[in-house]
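Please examine the sequence and the structure shown below, and keep both at hand while working through the exercises.

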Amino acid sequence: MSRTVTLILLDAAGRPLGALPPFDVPQPWWQEVHSIVDTVQRRHGLEIAVLRLVDADRPAPPGGHVRYLAQAVDAPAVPLEPATVDLAPHPLRQPWAQAGGPARSVAWATGELRRLGRRVTAVAQRRTWNLSAIWRLDTDRGAAWLKQLPPFARHEPAVLRRLPSVAGLPWDTNSLIDAPLLLAADGHGRMLLADVPGQDRYGAGEEERATIAAGYHPVQRRACGIVGELVAAGVPDLRGAGLAGWIRDRLAGHDVSVAAGLLDGLDRRLRQVVDCGLPDTLVHGDLHPGNVRGDAGRLTVIDWADSFVGHPAFDILRLTEDVGADAAARLVDAWARRWRTDLPGSDPHRAVDLLRPVAPLRLAAVYAMFLAGIEPDEHPYHVHDVPAALARAAAL
């Protein structure tokens, strides 16, 4: 599957110019923009920054014909087609989706790297959507990554600062798991990260997932001791009964009838989870292999924007979500053995069973939070995720 792209251009001052002729790019995922930027540079010699989604010919990604708003650095030499776009400001529009926003973010990152003694040699926009904007900056001392976050995900730098390896509590020396190195953060959603070598581990099999889970366990075990500090730093607090209220608040206004029974019994279920005897800790929130990067020598857990303080079972449920039942059972068994060794008398298996339907219910609430925090033009990214997650919770 590919994607057809139409770019509506603004000039350097933010005034509308018209649209480039449509063209195809190989990546179907709407937030991936590096091939868009590269194609426009190659075909038209034009340097652009993609700002945001305008609309698409299908209700949800991937693929289809997608229109974006972009800003040109210089006046285009190619003839443009007439195009209209609503340029009225929106209170939920993210800074990087506004004219001049990408340039301001890159200027901040360039200045921070200069302060660190690194000279930027190239900048490449990689991704932009309502959840983040990402650029790669090559320097004379290796690459760095600029990531910009919306308000509901801005606790990620606080997590990176306080992960055990950063807080002076070394991660297990036998572990293959590492954390990203935070180079700088501005307190308003921008952060600068050191490059992580290797590949994202999409498609990892059971053995590699077992390595991730085993290496990740001492991180969660040690993070139990800093949950108060994490919450004080702004990390969402989804401990115990508080999770039920958080879920209900965010799903208010959505049709939850398919999962009504689960919601009605949620408080009792979460009290039973507490009785299983596992501690609250730092939860990654989206621990699938695509959020682990590296090679056989070292793995780094990336993208902590969905992290929260809560029950550790949520991460093993996410890590085993898309593998066969037998492999998932073996991974959960190993996870449970580690916790029982640390906490004799605890019942990790029962906690997993109780939280299995709560995991997609929490995700439904997360998607609802996304929708409440982004402008309507970008709702197609998530509008179908809420009912899909509710249906999965009900089925489980």
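The exercises that follow treat strands, a helix, the nonpolar cores, a pocket and some individual residues.

The model is a predicted one, in which local features need pLDDT of at least 70 and side-chain atom pairs count only at pLDDT 80 or more, while totals for chains, interfaces and linings use all residues. Residues are numbered from 1 along each chain as its sequence is written, and side-chain values use heavy atoms, with hydrogens and water left out.

**Exercise 1. Describe the surroundings of strand 1 and identify the strands with which strand 1 pairs.**

Step 1. Helices (H or I, at least four residues) and strands (E, at least two) are DSSP runs, numbered from the N terminus. Strand 1 covers residues 3-10.

Step 2. Consider burial, where buried means under 20% relative accessible area, exposed over 50%, and partly exposed in between (1.4 Å probe, protein chains only). Strand 1 is largely enclosed by the rest of the structure, because seven of its eight residues are buried.

Step 3. Recall that strands of a sheet pair through backbone hydrogen bonds, either parallel or antiparallel. Two strands count as paired if DSSP finds at least two bridges between them.

Step 4. Strand 5 (residues 64-72) runs parallel to strand 1, and eight bridges join the two. Strand 3 (residues 23-25) is antiparallel to strand 1, with three bridges. Thr4 has a bridge partner in each of these strands: His65 in strand 5 and Asp24 in strand 3.

Step 5. Strand 2 (residues 16-19) is also antiparallel to strand 1 and is joined to it by three bridges; here Ile8 is partnered by Ala19. Strands 1 and 2 form a hairpin with five residues between them, and Gly14 in the turn has a positive phi of about 90 degrees.

**Exercise 2. State which residues of helix 1 are buried and what they pack against.**

Step 1. In helix 1 (residues 34-44), the buried residues are His34, Ser35, Ile36, Val37, Thr39 and Val40.

Step 2. Contact means heavy atoms within 4.5 Å. The buried residues of the helix pack against strand 1, strand 3, strand 4 (48-56), strand 5 and strand 6 (120-129).

Step 3. Take Ile36 as an example: leaving aside neighbours within four places in sequence, Ile36 is in contact with Arg3, Val5, Leu7, Phe23, Val25, Ile48, Val50 and Tyr68.

Step 4. Just after helix 1 comes Gly45, with a positive phi of about 60 degrees.

**Exercise 3. Describe the largest nonpolar core.**

Step 1. A nonpolar core is a set of buried Ala, Val, Leu, Ile, Met, Phe, Trp, Tyr and Cys residues joined through side-chain atoms within 4.5 Å.

Step 2. The largest core has 94 residues, of which Leu7, Ile36, Ile48, Tyr68, Ile247, Leu251 and Leu361 touch the most other members. Helix 12 (residues 358-373) gives the largest share of this core, nine residues.

Step 3. Another core, of 13 residues, lies apart from it and includes Ala97, Val106, Leu113 and Leu146.

**Exercise 4. Characterise the lining of the second largest pocket.**

Step 1. On a 1 Å grid over the protein atoms alone, a pocket is an open set of points where a 1.4 Å probe fits, with protein on both sides within 12 Å along at least five of seven lines; lining residues have an atom within 4 Å of a point.

Step 2. The volume of this pocket is about 490 Å³, where a volume is the space filled by probe spheres set on the points, and grid points are joined across faces, edges and corners.

Step 3. The lining has 21 residues, and Glu47, Ile48, Ala49, Val73 and Trp135 are the closest to the centre of the pocket. Helix 1, strand 4, strand 5, helix 2 (101-115) and strand 6 each supply at least two residues of the lining.

Step 4. The lining divides into 13 nonpolar, five polar and three charged residues. In this division Ala, Val, Leu, Ile, Met, Phe, Trp, Tyr, Cys and Pro count as nonpolar, Asp, Glu, Lys and Arg as charged, and the others, Gly among them, as polar.

**Exercise 5. Report the backbone features of Pro62 and Asp303.**

Step 1. Pro62 is in the loop between strand 4 and strand 5. A cis peptide bond joins Pro61 and Pro62, with omega of about 5 degrees.

Step 2. Asp303 lies in the loop between strand 15 and strand 16 (308-310). Although Asp303 is not a glycine, its phi is positive, about 60 degrees. Asp303 is partly exposed, with a relative accessible area of 26%.
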